Amino acid sequence: MTVPERLIDSATRLFADKGYERVAVQEIVEHAGVTKGAMYHYFGSKDDLLHEIYGRLLRLQTEHLEKIASSTGPIEDRLREAAVDVIVTSIEDFDAAKVFFRSMNHLSAEKQKVVRSERRRYHEKFRGLVEEGQRDGTFRADVPADVATYYFFGSLHQLGTWYRPDGDIPPERLADHYADLLIRSLRP
């Protein structure tokens, strides 16, 4: 594992366990087994680490969504696949998802603006799937696509407060439940 990967993994674990504001740079470098100099060679600040933790997850999810959205097949299947993917990938990197949901407000104003823009692009692509289904009659059109999208992601963002990956509901089953709720709410 590279030094940047070790730093990101250590920061992710510590931020998830203790909270961003309670973790010092010294603790991150000790946990990663590197020096502060090494950390500052790759990341200018703790804020940069926080930004990269979420950026790594969002880049993966965006790549998956773009592939799903551009594929052929029934729109209901593609929206279901997109919904399942975002849940599963969030749980697969659950510490990163929790860190982001809890700590985005700790990013600098400039980085918050960048993250919001990246998330908006993701949400717009997801919403585009809902709109496509509304246009072709697969989904009901009386529920605005924005409302359906924000409702879905609002519930996703709460996973960090209650879901336990080692609990009774495996990630794939949880993702199926979420996707079912979304799809059923959109059917005419």
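Lys18 is partly exposed in this predicted model, with a relative accessibility of 37%. Its partner in a salt bridge is Glu27, and the closest N and O atoms of the two are 2.2 Å apart. Glu27 is also partly exposed, at a relative accessible area of 23%.

**Salt bridges**

Arg80 and Asp180 are joined through their side chains, with an N to O distance of 1.9 Å. This pair connects distant parts of the chain, since Arg80 sits in helix 5 and Asp180 in helix 10 (residues 171-186), 100 residues apart. How accessible is Arg80? Arg80 has a relative accessibility of 26% and counts as partly exposed. Asp180, at 25% relative accessible area, is partly exposed as well.

The bridge between Glu131 and Arg127 has its closest N and O atoms 3.2 Å apart. Here both partners belong to helix 7, where they are four residues apart, about one turn of the helix. Glu131 is partly exposed, with 28% relative accessible area. Arg127 is partly exposed too, and its value is 21%. Arg127 is not classed as buried, because that class requires a value under 20%.

The table lists the distances for these pairs.

| Salt bridge | N to O distance |
|---|---|
| Lys18 and Glu27 | 2.2 Å |
| Arg80 and Asp180 | 1.9 Å |
| Glu131 and Arg127 | 3.2 Å |

Salt bridges also form a network, which links Asp47, Asp48 and Lys111.

**The cavity**

The structure has one cavity of 30 Å³ or more. The largest cavity holds about 100 Å³ of space. Its lining is made of 14 residues, and those nearest the centre are Tyr54, Gln61, Val86, Leu156 and His157.

Which helices supply at least two residues each to this lining? They are helix 4 (46-70), helix 5 (75-92), helix 6 (94-103), helix 7 (109-135) and helix 8 (145-156). Helix 4 provides the largest share, four residues. By class, the cavity lining consists of nine nonpolar residues, four polar ones and one charged residue.

Helix 5 contains Arg80, and helix 7 contains both Glu131 and Arg127.

The largest pocket has about 150 Å³ of space. Its lining residues are Tyr151, Phe152, Ser155, Tyr178, Leu181, Leu182 and Ser185. Helix 8 and helix 10 are the elements that give two or more residues to this lining. Which of the elements gives the most to the pocket lining? Helix 10 does, with four residues.

The lining of the largest pocket is five nonpolar and two polar residues, with no charged residue. The lining of the largest cavity, by comparison, includes one charged residue.

Methods
Residues are numbered from 1 along each chain as its sequence is written. This is a predicted model: local features need pLDDT of at least 70, side-chain atom pairs count only at pLDDT 80 or more; totals for chains, interfaces and linings use all residues. Side-chain values use heavy atoms; hydrogens and water are left out. On a 1 Å grid over the protein atoms alone, a cavity is a set of points where a 1.4 Å probe fits but cannot get out, and a pocket is an open set with protein on both sides within 12 Å along at least five of seven lines; lining residues have an atom within 4 Å of a point. Grid points are joined across faces, edges and corners, and a volume is the space filled by probe spheres set on the points. Ala, Val, Leu, Ile, Met, Phe, Trp, Tyr, Cys and Pro count as nonpolar, Asp, Glu, Lys and Arg as charged, and the others, Gly among them, as polar. A salt bridge is a side-chain nitrogen of Lys or Arg within 4 Å of a carboxyl oxygen of Asp or Glu. Buried means under 20% relative accessible area, exposed over 50%, partly exposed in between (1.4 Å probe, protein chains only).
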